[in-house]
Amino acid sequence: MQLYNSLTKKVEEFKPLNPDVVTMYTCGPTVYDYQHIGNFRTFMSSDFVHRVLKYNGYKVKFIMNITDVGHLTGDNLGDADLGEDRLELAADREGKSAKEIAEFYTQDFMKSYDKLNILRPEKFTRASDYIKEMLALIKTLEAKGFTYRTSDGIYFDTSKVGDYGKLAGTKVDLVEEGARFEPNPEKKNPTDFSLWRFSPDSKIRWQEWDSPWGRGFPGWHIECSAMAIEELGPTIDIHMGGEDHKMIHHPNEMVQSECVTGKPFVDYWMHTAFLKVDGGRMGKSVGNAYILDDLETKGFTAFDLRYFYTLAHYRTKLNFTWEALQASASALKKLYDMVESYQEDPEATISPEYLNKFEAAIGDDVNIPQAVAVMWDMLKSDIPEGSKLKTLEKFDEVLGLNIVDHIGYEVPADIENLAKLRWEYRKNGIWDKADVIRKQIEAQGFVIEDLVNAYKVKRK
Ligand code: AMP
Ligand code: ZN
């Protein structure tokens, strides 16, 4: 299988370190607020990669972190280490403890994660559970001479390594990004970043720990290095995240990890292009940082959103509009209707022709839109229905659209009985009663289609 590697900027044949078990790490949510549909695009890409690996027969040791401390408001922007801890700010905003904030938004995240049918990692690792491991990494970096101290923390000196930024491109890009902010005057180089931050004198933080350098909290980047190395070893096969991480977070994770272990940190870096909304940036200030709940309130399901994510390749920007979501919902409904109407055949076999095409698509840098196109071609073809169902079942190991649930679907007996009763009323011209029953049926999530001399009950 071929994957695009952000590090080499090439499509490469995927070769895991251990031929049987692939190690994979995806940067997870910062749990200071709801995760929006942009964040979930990144987690969905990670799910497609995870599923393709499993489909190809690999065991996957997959870890996703939960960032519950140390991610500052300025951390995603050029000159990192600016601003305030997002968790502490949220605690002030909501009048809760940082732990309560983390717990609430972690639960909410996991609820949407499961609804979207994203396969769970072996572990969701919470940053605050790995402080000991982070301190050990920082101590090693200090012993090797990569750190220096300022008034607010311990920093990594990026000038000590020749190829810092090899993932991001050039250092110039990073500095230009950071130019929008007042640089920290105590930093030796604009690209240096904090490993450990001291608690401020003016305020007692919700979360702080003792360290050899003073009481404080970890820098955001060291968290992922500590969790990844602890859980997956010094070299990971695949590391994923949103494209914003290519510039700062991931180069920092990489440089500090490699300076500790002396080994490559990651063999394949993969980055998901951002989701846009109505053609523009999405954000809370723009009022379009929609969450799954907003979609559900408008009558859409998590699977409608999952289908929508299949529309673009993970390295291409995807534009969310309500119309596009509606089109996805309609396509998915059409798919489910087709599946429900097909006759199962225990003797049927998977279509080798379409399986080959599907595997070529997913093997080509996880080209999910192409895989979905193959699925529709297969459904439109004249292969027998039983074969279509068998082939779809196989495809759904990767697509995760819950197609299986619709195979051999039978309308529940009580709904069938209501539909029969309604039919009798209609035959006898008792329209008002027939109408009451139709509404009753609809309230339970079904619709009746009246044909010339018959009717059909379907799920809404
Ligand atoms: P955060 O909770 O801010 O740490 O972000 C969680 C993940 O979502 C990170 O991997 C980000 O890169 C990713 N992300 C943030 N915004 C978007 C977006 N608009 N589209 C896709 N991924 C995003
Ligand atoms: Zn990370």
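This is a predicted model: local features need pLDDT of at least 70, side-chain atom pairs count only at pLDDT 80 or more; totals for chains, interfaces and linings use all residues.

Colleague: Which domains does the domain assignment give, and how many Å separate the centres of domain 1 and domain 3?

Modeller: The assignment divides the protein chain into domain 1 (2-272), domain 2 (277-406) and domain 3 (413-459). Taken over C-alpha atoms, the distance between the centres of domain 1 and domain 3 is 55 Å.

Colleague: Which residues are the closest to ligand 1?

Modeller: The shell around ligand 1 holds 18 residues. By class, these comprise 6 nonpolar, 11 polar and 1 charged. The closest are Thr-30, Gly-38, Thr-42, Asp-244 and Leu-275.

Colleague: What share of ligand 1 does the protein bury?

Modeller: Polar backbone atoms of the protein approach the ligand: a nitrogen atom of ligand 1 is 3.0 Å from one in Gly-38, and a nitrogen atom is 2.9 Å from one in Leu-275. An oxygen atom of ligand 1 is 3.1 Å from a polar backbone atom of Gly-242. Taken alone, ligand 1 exposes 500 Å², and the part of this buried by the protein is 93%.

Colleague: Which element gives the most residues to the shell around ligand 1?

Modeller: Two elements each give two or more residues to this shell, namely H1 and strand S10 (236-242). With 4 residues, the element that gives the most is H1.

Colleague: What is the volume of the largest cavity?

Modeller: The structure holds 2 cavities of 30 Å³ or more. For the largest cavity, the computed volume is about 90 Å³.

Colleague: Which element provides the largest share of the lining of the largest cavity?

Modeller: The lining includes Arg-41, Met-44, Ser-45 and Phe-48, together with Tyr-309, His-313 and Pro-369. Helix H1 (37-55) and helix H12 (368-380) are the elements that give two or more residues to this lining. The lining divides into 8 nonpolar, 2 polar and 1 charged residues. The largest share, 4 residues, comes from H1.

Colleague: Why does the largest cavity lie between two domains, and which are they?

Modeller: The reasoning rests on the origin of the lining residues. Because both domains give residues to the lining, the largest cavity lies between domain 1 (2-272) and domain 2 (277-406).

Colleague: Which residues lie nearest the centre of the second largest pocket?

Modeller: This pocket holds about 400 Å³ of space. Its lining is made up of 18 residues. Those nearest the centre are Thr-301, Asp-304, Lys-333, Tyr-336 and Lys-460.

Colleague: Which element gives the largest share of the lining of the second largest pocket?

Modeller: The lining of the second largest pocket contains 5 nonpolar, 6 polar and 7 charged residues. The elements that give two or more residues to it are helix H9 (302-309) and helix H10 (322-341). The largest share, 8 residues, comes from H10.

Definitions and conventions: Residues are numbered from 1 along each chain as its sequence is written. Chains are lettered from A and ligands numbered from 1 in the order in which they are written. Side-chain values use heavy atoms; hydrogens and water are left out. On a 1 Å grid over the protein atoms alone, a cavity is a set of points where a 1.4 Å probe fits but cannot get out, and a pocket is an open set with protein on both sides within 12 Å along at least five of seven lines; lining residues have an atom within 4 Å of a point. Grid points are joined across faces, edges and corners, and a volume is the space filled by probe spheres set on the points. Ala, Val, Leu, Ile, Met, Phe, Trp, Tyr, Cys and Pro count as nonpolar, Asp, Glu, Lys and Arg as charged, and the others, Gly among them, as polar. Domain bounds come from an automatic or database domain assignment. A residue is near a molecule or strand if one of its heavy atoms lies within 4 Å of it. A polar contact is a pair of N or O atoms within 3.5 Å; within protein, one must be able to donate a hydrogen and the other to accept it, and residues adjacent in sequence count only if both atoms are side-chain atoms. Accessible areas come from the Shrake-Rupley method with a 1.4 Å probe; for residues, only the protein chains shown count as cover.
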